[in-house]
Amino acid sequence: MDCSITVIPGDGIGPEVIGEALKALKFIGKKYGHRFEFTEALAGGRAIDETGLPLPPETLETAKKSGAVLLGAMGGPRWDGLPGHLRPERGLLGLRSGLGVFANLRPAALLPQLRAACPLKDEVLAAANPEGKPAFDLLIVRELTGGIYFGERGRSADGNSAFDIEKYSRHEIERVLRVAYGAAAARRKKLCLVDKANVLESSRLWREVAAGVEKDYPDIETSCLYVDNCAMQLVRAPGLFDVIVTSNMFGDILSDEASVLTGSIGMLPSASLAGVPGRGNGAGGRPLGIYEPIHGSAPDIAGRDIANPLAAILSAAMMLRYSFGLETEAAALETAVGAALDRGLRTGDIAGHGAGSGGIAAGAEKIAGTREMGEAVLKALE
Ligand code: IPM
Ligand code: MN
């Protein structure tokens with residue numbers, strides 16, 4: 001199969017972790033006989049340095065023509081002083097809205113190998129878990145191109161007040177709900193709508209739309225939770241959750257919280273899709289997607305070969321699955337990540353949480369750099 005991929009390494013640790021993901025993809029291409037065509041493009045801080053703009057128009061053009069975008073991270077203190085519309089993050093937001101990727105899938109599951117890196121107690125992890133095991137496996141579906149991130153914003157003439165508007169249309173709510181229901185149908189068939197409907201009118205519209213969409217999925221158990229309560233339940237009984245669907249801002253916050261429960265934000269991949277998986281405008285009728293680790297550019301550790309490349313590699317796996325329909329290859333990549341962890345290899349963010357747990361014998365945990373971890377994944381793919 002021919003797969004055209006726009007690669008945006010971005011800033012900070014972005015180029016390092018994407019470098020490892022690309023090696024894994026090239027290996028998969030050779031092994032399974034696919035032709036991956038990579039086109040590198042600029043966005044974020046590096047784009048500002050080289051072109052003066054966080055999202056050069058040619059980057060959006062290139063991305064639109066390809067089947068998927070693989071992205072590292074954007075931003076850094078160097079560009080913090082710039083006005084809002086010229087910040088590196090504008091590049092990311094512009095890319096998301098320019099490609100119309102309204103549904104952001106952020107899976108967060110506790111791998112048995114990383115049990116010791118999860119800050120929760122066994123009894124908390126076992127609570128509400130059907131199998132009573134200390135584990136959880138949830139998916140946050142975050143609306144990505146609407147709400148307060150893209151609403152009107154501004155300041156009063158005297159500069160003494162400011163506003164950002166949270167606005168959603170029925171259409172925007174319904175399409176992301178349908179992606180979430182579709183995901184729940186393929187999982188444990190539970191969907192939780194997270195909002196602040198006791199205060200926000202926009203949340204009340206989400207509930208109204210959900211009440212209609214719910215009827216099309218009679219085998220899915222639907223519930224609603226206020227976001228403050230959800231933040232609490234995530235650390236009280238993460239086993240409660242299967243699919244969480246929520247607005248742009250709430251999804252941003254809850255996914256960082258969920259990531260820590262998996263051991264490290266360095267483990268979490270994401271897929272941002274322009275349609276329901278299986279339909280849409282991407283390669284082979286699949287939706288166009290942006291695939292990126294949810295961690296940021298981590299400028300403090302950039303260029304030191306210590307960043308965790310696994311979230312980027314797992315994002316590449318999501319790309320194979322959702323944009324190219326290569327399920328076997330995606331699963332092989334995920335299994336290889338598990339195998340590297342089985343060998344006791346740990347980047348700094350997931351290391352040192354007590355030897356002897358997670359199936360790793362005392363003293364067998366081995367600190368690995370970015371490249372070494374990437375190599376271990378390649379080895380496991382052989
Ligand atoms: C994320 C990030 C971005 C967001 C930032 C960098 C704009 O935090 O992808 O979660 O808020 O969406
Ligand atoms: Mn975030």
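1. Helices H8 and H9 are roughly parallel to each other, because their axes cross at roughly 10 degrees and angles under 35 degrees count as roughly parallel. The two axes come within 10 Å. H8 covers residues 227–236 and H9 residues 248–261. The model is a predicted one, and the points below should be read on that basis.

2. The H8 side of this contact consists of Val227, Cys230, Ala231, Leu234 and Val235. Facing them from H9 are Phe250, Leu254, Glu257 and Leu261. Sorted by class, the contact of H8 with H9 has 8 nonpolar residues, 1 charged residue and no polar ones.

3. The crossing of H6 past H7 is right-handed.

4. From H6, the residues in this contact are Arg170, Ile173, Glu174, Val176, Leu177, Arg178 and Tyr181. H7 supplies Leu205, Trp206, Glu208, Val209, Ala210 and Val213. The class count for H6 with H7 is 9 nonpolar and 4 charged, again with no polar residue.

5. Strand E10 spans residues 243–246. Val243 and Val245 point to one side of the strand, while Ile244 and Thr246 point to the other. All four of these residues are buried.

6. E10 has pairing partners in E5 and E8. Strand E5 (residues 137–143) runs parallel to E10 and is joined to E10 by 4 bridges. Strand E8 (residues 190–195) also pairs with E10 in the parallel sense, over 4 bridges.

7. Gly344 sits in the loop that links helix H11 (327–342) to strand E13 (345–346). Is Gly344 buried or exposed? Its relative accessibility is 0%, so Gly344 counts as buried, the cut-off for buried being under 20%.

8. Gly344 also has a spatial neighbour to record, namely Glu365. The two residues are 21 positions apart in sequence, and the distance between their C-alpha atoms is 4.5 Å.

Technical notes: Residues numbered from 1 in each chain as written. Chains lettered and ligands numbered in written order. Predicted model: local features only at pLDDT ≥ 70, side-chain atom pairs only at ≥ 80, totals over all residues. Heavy atoms only, no water. Left-handed = near helix turned anticlockwise from the far one by under 90°. Helix = DSSP H or I, 4+ residues; strand = E, 2+ residues; numbered from the N terminus. Contact = heavy atoms within 4.5 Å. Nonpolar A, V, L, I, M, F, W, Y, C, P; charged D, E, K, R; others polar. Buried < 20%, exposed > 50% of the residue type's maximum accessible area, 1.4 Å probe, protein only. Pairing = 2+ DSSP bridges. Axes fitted to C-alpha atoms, helices over the stretch in contact; angles between N-to-C directions. Parallel < 35°, antiparallel > 145°, perpendicular 65-115°, else oblique.
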